[in-house]
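Open the model in your viewer and keep the selection tool at hand. This tour says what to select next and what is there.

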Amino acid sequence: MRSSSQTPSEFAFQPPRPGEQLIYFEHLTKAFGAKRVYDDMDLDVRAGETLVVMGGSGTGKSVLLKCLIGLLSPDTGRILFQGHDLTRFTEEQFIPVRRHVAMVFQGAALFDSLNVGENVAYPLREHFPDMPADEVRARVAEKLALVDLPNTERLMPADLSGGMRKRVGLARAIATEPEVILWDEPTTGLDPVTTQSINVLINSMKTRLGCTSIVVTHDMVSAFTVGDRIAMLANRRIVQVGSPREMLHSTVPEVRAFLDARRVELFPGGAP
Amino acid sequence: MTTRQPEVDAAASGPPSLMDRAKERLESLGALSRMTGQVFSRAVRPPYDWRGLVFHTESLGVRSLPIALLTAMFAGLVISLQFGYFLSRFGVQYTVGRVVILTLFRELAPVLTALTVGARIGSGIAAELGAMTVTEQVDAIRALGADPLRKLVVPRVLACLIVLPVLTVFADVVGLVAGALVVNFQYAITLNLFFQGALDAVLMPDFASGVFKGAVFGLIIGLVGCFRGLTVEGGTEGVGRATTQTVATTSVSVCLADFFITQLTLSL
């Protein structure tokens, strides 16, 4: 791992080797007023994997993503991204990081006043102001086709269904061709068929673009479908990280409680 | 198994004390001051968002014109009637133009425009940015590599800074014309006499102080509306709260600022 003494201005993304540690949340603490979200939390993310962070509502899953991308700051601890301590970055120094780390928001967070094409072009205009208009148009069309929404540039966000909004949000996130995609509750509020199509999309981002993904969700089906590793966030720290199989046979009380509650919810009369 | 600390500390329970509320207000004022500094530093440095500035100036200004003119017209009518009535007691009703123009230019046009239009513009900005905040669009702007202050706040604040003085000038004219017409009808003071007296009495500083007030009020309205919108908490309920707070804060701030600017301009 590179030294964290590098100054933020030196930040430049280096293509990692698959499986190498890419991101490390180290001794993270975070509180909102009197409500403490993390206590000395540690978690690592490896290049090329899809890491699912699972946990109940209000346990701080989304906060983790927002700390990584600089929308929130942890109180103490470090977030190392290829050895760079992101907690020392200013807002301006985060801009190049955000070209490599993109986020798909829970409600898609599309800009209501812009059409689909303009939404997807937004990060291109910010990160590559000199990119010719033709190239921007081509890139927008390519990314929309990648999320199975070709020729939708002129539609307004209000015209889209929940699943379509998520897809446009993804097209916008991958417009700058980032190496890391952060998914905030990607399947929340979607019907089972759309949920499955989003799961397929998450997997295809890994296979087609080679992206590293961090998915936060409380949807267990989605977690076990897309995750290479699953981390369980409970009691303000990661209580277990492991493969889906390891998590399924976990004896950690918090993990068991979460899995059993979901099983009861799915099969109230007992699992078949 | 180790004993976990409770997730929410005991200090959080119970209603906030007077001290807590005062601290919260001071912190909020500090944050608004910081935002003001950041807005100014961004406003003077390129790149400039001319399209955004024109769009917001047009949308805020044009849509506010009817209410501003209506308010100014009735203000002109009422004060002309009142002054005409009182001055006629002393037999000097022909001086009504002088009194009306000074009252309108120095005080009524900028303050009434700011209170009526400001409530509309400020709450509209707070609601718009508040909705963007709760739907994470403001976070998305940052996550996509842009600066929400530069994209959202600077064009709106500058638009308010332009729109309020312009509306104040319109209000000056409409109020004066309405006043001239009503005293002509009610007290048989000719339009010529009214305007002659008015123009003899008014000096450039009288006009300029009103326009200056309009600019300061515009700045207050824009900054408060943006600040309340960007600091919304608590979902759609929070958006509603932010809009009403914006109206209250801008109204009080406009009255306070009016007092201090009047003191300042009279002492010059």
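Select chain B: of its 268 residues, 41% count as buried. Keep in mind that this is a predicted model. Chain B holds 8 helices and 0 strands. Read from the N terminus, its elements go α-α-α-α-α-α-α-α. Along its principal axes the trace spans about 95 × 45 × 35 Å. Look also at how chain B folds back on itself: among its contacts between residues at least 6 apart in sequence, 88% join residues at least 24 apart.

**Colour by confidence**

Colour chain B by pLDDT. The average is 90, and 95% of the residues score at least 70. Select residues 1–12 of chain B next. Here the pLDDT is below 50, and the stretch has 9 contacts in the model beyond near neighbours in sequence. Then compare two helices. Within chain B, confidence is lowest in helix α1 (residues 18–43), with a mean of 89, and highest in helix α4 (residues 137–143), at 96. For the complex, the predictor gives an ipTM of 0.88 and a pTM of 0.86.

**Annotated spans in chain B**

Which residues of chain B does UniProt list as "transmembrane region"? The unreviewed entry lists 67–88, 157–187 and 207–227. Select residues 67–88 of chain B: the span is 100% helix and 0% strand, and its end C-alpha atoms lie 31 Å apart. Move on to residues 207–227 of chain B. This span is also 100% helix and 0% strand, with 30 Å between its end C-alpha atoms.

**Where the chains meet**

Show both chains. Chain A gives 19 residues to the contact and chain B gives 16 residues. On the side of chain A that touches chain B, β2 (35–46), α2 (91–100) and α3 (116–127) each give two or more residues. The largest share on that side is 4 residues, from α3(A). Colour this side of chain A by class: 10 residues are nonpolar, 4 polar and 5 charged.

**Into chain A**

Select residues 23–260 of chain A. UniProt places "domain: ABC transporter" here, in an unreviewed entry. The span is 39% helix and 26% strand, and its end C-alpha atoms lie 31 Å apart.

Zoom in on strand β7 (residues 180–184) of chain A. Is it mostly covered or mostly open? It is mostly covered, with 5 of its 5 residues buried. Show the side chains. A:Val180, A:Leu182 and A:Asp184 point one way from β7(A), while A:Ile181 and A:Trp183 point the other way.

Strand β6 (residues 101–104) of chain A pairs with β7(A) in the parallel sense over 4 bridges. Here A:Ala102 stands opposite A:Ile181. Strand β8 (residues 212–217) of chain A pairs with β7(A) too, in the parallel sense over 5 bridges. In β8(A), A:Ile214 is the bridge partner of A:Leu182.

**Last stop: the core**

Stay on A:Ile181. Leaving out residues up to four places away in sequence, A:Ile181 touches A:Ala102, A:Val104, A:Ala173, A:Ile174, A:Met205, A:Cys211 and A:Ser213. Now widen the view to the largest nonpolar core, which has 139 residues. Which residues touch the most other members? They are A:Leu68, A:Ile181 and A:Leu182. Finish on helix α5 (residues 148–187) of chain B, which gives the most to this core, with 19 residues.

Technical notes: Residues are numbered from 1 along each chain as its sequence is written. Chains are lettered from A and ligands numbered from 1 in the order in which they are written. This is a predicted model: local features need pLDDT of at least 70, side-chain atom pairs count only at pLDDT 80 or more; totals for chains, interfaces and linings use all residues. pLDDT is the predictor's confidence in each residue, from 0 to 100. Two residues are in contact if their C-beta atoms, placed from the backbone, lie within 7 Å. Ala, Val, Leu, Ile, Met, Phe, Trp, Tyr, Cys and Pro count as nonpolar, Asp, Glu, Lys and Arg as charged, and the others, Gly among them, as polar. UniProt positions are given in the numbering used here, feature names are shortened, and annotations may be inferred rather than shown by experiment. A residue is buried if 20 or more other C-beta atoms lie within 10 Å of its own, exposed if 12 or fewer, and partly exposed in between; C-beta atoms are placed from the backbone. A nonpolar core is a set of buried Ala, Val, Leu, Ile, Met, Phe, Trp, Tyr and Cys residues joined through C-beta atoms within 7 Å. Two strands pair if DSSP finds at least two bridges between them.
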